[in-house]
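Subject: Structure handover

Hi,

Here is the structure for you to look over. Please open it next to this email.

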Amino acid sequence: DVGFTWIAITWLQSSAENFNHSVITVAGEDKTFNLTVSSNGANITGLNPGSHYTITVITVGTNGEISNPSEAITSATLNLILSAPDDLKISSVGYTWFLLSWNPTLPKFIKHIVLVSGANLFLNMTIIGSRNSANITGLLPGSVYSVWVVTIAESGMMSPPSA
């Protein structure tokens, strides 16, 4: 399991009777540190969003005996910065409307928000599901409008507006 600033791991506990604790080594692009735990799992916190980490575990017995390190696993935290939708296109234009389409940059999204501003108008339109186009209506003929699209991911994160 992973989050923006954490990675949760579990492993099979040592069957040795003299088990005392485990030491988790976390090596990342930006930091390396150890955690000591007395269970067979840990929530590794304080990590940076969008970073990769290599994690190994050793066990330490009550007599000080140290096991061989576990097989290394590599995991990444979630990235806080989502990519904005790109390739905005106006494919058809009428006197009071235009058809806008875009390329979603997230594989798992739940909706897009289309923002239109200009000629004393601000329009905020929600497009639910996998549609990547919107028919923008109610515009004033001959007016100039600015358009942005924002994507909402399944996680609830919001992308920056398209350029």
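Below are the findings, from the whole chain down to single residues.

First, the ground rules. This is a predicted model, in which local features need pLDDT of at least 70, side-chain atom pairs count only at pLDDT 80 or more, and totals for chains, interfaces and linings use all residues. Residues are numbered from 1 along each chain as its sequence is written, and side-chain values use heavy atoms, with hydrogens and water left out.

**Overall**

The protein chain has zero helices and twelve strands. Both are DSSP runs, numbered from the N terminus: helices are H or I with at least four residues, strands are E with at least two. From the N terminus on, the order of elements is β-β-β-β-β-β-β-β-β-β-β-β. The radius of gyration is 25 Å, well over the 15 Å that the globule rule gives for 163 residues, so the chain is more spread out than a compact globule. That radius is taken over C-alpha atoms, and the globule rule is 2.2 Å times the number of residues to the power 0.38. Along the principal axes, the C-alpha atoms fill a box of roughly 85 × 25 × 20 Å.

Buried residues make up 31% of the 163 residues. Buried means under 20% relative accessible area, exposed means over 50%, and partly exposed lies in between (1.4 Å probe, protein chains only). As for contacts, take those between residues at least 6 apart in sequence: 57% of them join residues at least 24 apart. A contact here is heavy atoms within 4.5 Å.

**The four-stranded sheet**

Four strands form an open sheet in the order β3-β2-β5-β6, with antiparallel pairing. β3 (32–37) and β6 (73–76) stand at the edges with a single partner strand each, so one side of each has no neighbour in the sheet. From one strand to the next, the twist averages 30 degrees. For that angle, axes are lines fitted to C-alpha atoms (for helices over the stretch in contact), and angles run from 0 to 180 degrees between N-to-C directions.

Two strands count as paired if DSSP finds at least two bridges between them. Strand β2 (residues 19–28) pairs with strand β5 (residues 52–61) over nine bridges, in the antiparallel sense. Phe19 has Gly61 in β5 as its bridge partner.

**β9 and its partners**

Seven of the ten residues of β9 are buried, so this strand is largely enclosed by the rest of the structure. β9 and β12 pair antiparallel over eight bridges. Phe109 stands opposite Ala153 in β12. Eight bridges also join β9 to β10, and these two run antiparallel. Here Lys111 stands opposite Ile128 in β10. β9 and β10 form a hairpin with two residues between them. In the turn, Ala119 has a positive phi of about 50 degrees.

**His112 and Thr151**

His112 lies in β9 (residues 109–118). Thr151 is found in β12 (residues 146–153). His112 is buried, at 0% relative accessibility. Thr151 is buried too, with a relative accessible area of 0%. A polar contact of 3.1 Å joins their side chains, Thr151 to His112. A polar contact is a pair of N or O atoms within 3.5 Å; within protein, one must be able to donate a hydrogen and the other to accept it, and residues adjacent in sequence count only if both atoms are side-chain atoms. Leaving aside neighbours within four places in sequence, His112 is in contact with residues including Trp102, Pro104, Met125, Arg131 and Val149.

**Leu123**

Leu123 sits in strand β10 (residues 121–128). Leu123 is partly exposed, with a relative accessible area of 23%. Neighbours within four places aside, Leu123 is in contact with Val114, Leu115, Val116 and Ile136. Pro49 is 74 residues from Leu123 along the chain, and their C-alpha atoms are separated by 33 Å.

**Salt bridge**

The count comes to one salt bridge. The rule is a side-chain nitrogen of Lys or Arg within 4 Å of a carboxyl oxygen of Asp or Glu. Lys89 forms a salt bridge with Asp87, and the closest N and O atoms are 3.5 Å apart. Lys89 is partly exposed, at 45% relative accessible area. Asp87 is partly exposed, also at 45%.

Best wishes
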